[in-house]
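Me: I would like to go through this model and ask what stands behind each label. Please set the values against the cut-offs.

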Amino acid sequence: MYIAAPARSSNARSSQKMERSRLGVLRDIVGGDRPVDSITKADLRDYVEQLLKLPANYTKLFPGKSPSEAITASAASGAKTLSAASVERGVQAAKSLFAW
């Protein structure tokens, strides 16, 4: 619903795809079946901590694994983590969602 909102529909398709991907990581880390108003600041701090540990291209490196599973798997392999800019984009996506 958020991605398809009229004010956001002018975004390019690729931007919407990236936004959907970033929000998917948020959903996977925080818990997708929770009501939005049950998400706390502590949950969002944990989200940022997990983003800092998340391997870059985790869906390609660890296909079929959740972000948490990819973090565990990457610890053994020494995979490169997300860049600071990627983490910031994930944080901005979450901020936009909650501001909406």
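**Labels and their grounds**

Reply: To begin with helix α2, its buried residues are Tyr-47, Gln-50 and Leu-51. They lie on the same side of α2, because the arc they cover around the axis is only 105°. Lys-41, Arg-45 and Leu-52 are exposed on the other side of α2. Note that this is a predicted model.

Me: Why is Gln-50 called buried?

Reply: The cut-off for buried is under 20% relative accessible area. Gln-50 has a relative accessibility of 15%, so Gln-50 counts as buried.

Me: Where does Gln-50 lie, and which residues is Gln-50 in contact with, leaving aside neighbours within four places in sequence?

Reply: Gln-50 is part of helix α2, which covers residues 41-53. With those neighbours left aside, the contacts of Gln-50 are Ile-29 and Ile-71. Contact here requires heavy atoms within 4.5 Å.

Me: How do you know that the span of α2 agrees with its number of residues?

Reply: The expected span is 1.5 Å times one less than the number of residues. For the 13 residues of α2 this should come to 18 Å, and the end C-alpha atoms are 19 Å apart, so the two agree.

Me: What makes up the largest nonpolar core, and which of its residues touch the most other members?

Reply: That core has 16 residues, and those touching the most other members are Val-25, Leu-26, Tyr-47, Leu-51, Leu-54 and Tyr-58. Two or more residues each come from α1 (13-30), α2, α4 (67-77) and α5 (84-99). The largest share, 5 residues, is that of α1.

Me: Which residues does Leu-51 touch, not counting those up to four places away in sequence?

Reply: On that count, Leu-51 touches Val-25, Leu-82, Val-87, Gly-90 and Val-91. Leu-51 is also one of the buried residues of α2.

Me: How many helices and strands are there in the protein, and what percentage of its residues count as buried?

Reply: The protein has 5 helices and 0 strands. Of its 100 residues, 29% count as buried. Among contacts with a separation of 6 or more, 53% join residues 24 or more positions apart.

Me: What is the average pLDDT of the protein, and which elements have the lowest and the highest mean?

Reply: The average is 84, and 86% of the residues score at least 70. Among the elements, α2 has the highest mean pLDDT (94) and α1 the lowest (82).

Definitions and conventions:
Residues numbered from 1 in each chain as written. Predicted model: local features only at pLDDT ≥ 70, side-chain atom pairs only at ≥ 80, totals over all residues. Heavy atoms only, no water. Helix = DSSP H or I, 4+ residues; strand = E, 2+ residues; numbered from the N terminus. Buried < 20%, exposed > 50% of the residue type's maximum accessible area, 1.4 Å probe, protein only. Arc of directions from axis to C-beta. Core = buried A, V, L, I, M, F, W, Y, C linked by side-chain atoms within 4.5 Å. pLDDT = per-residue confidence, 0-100.
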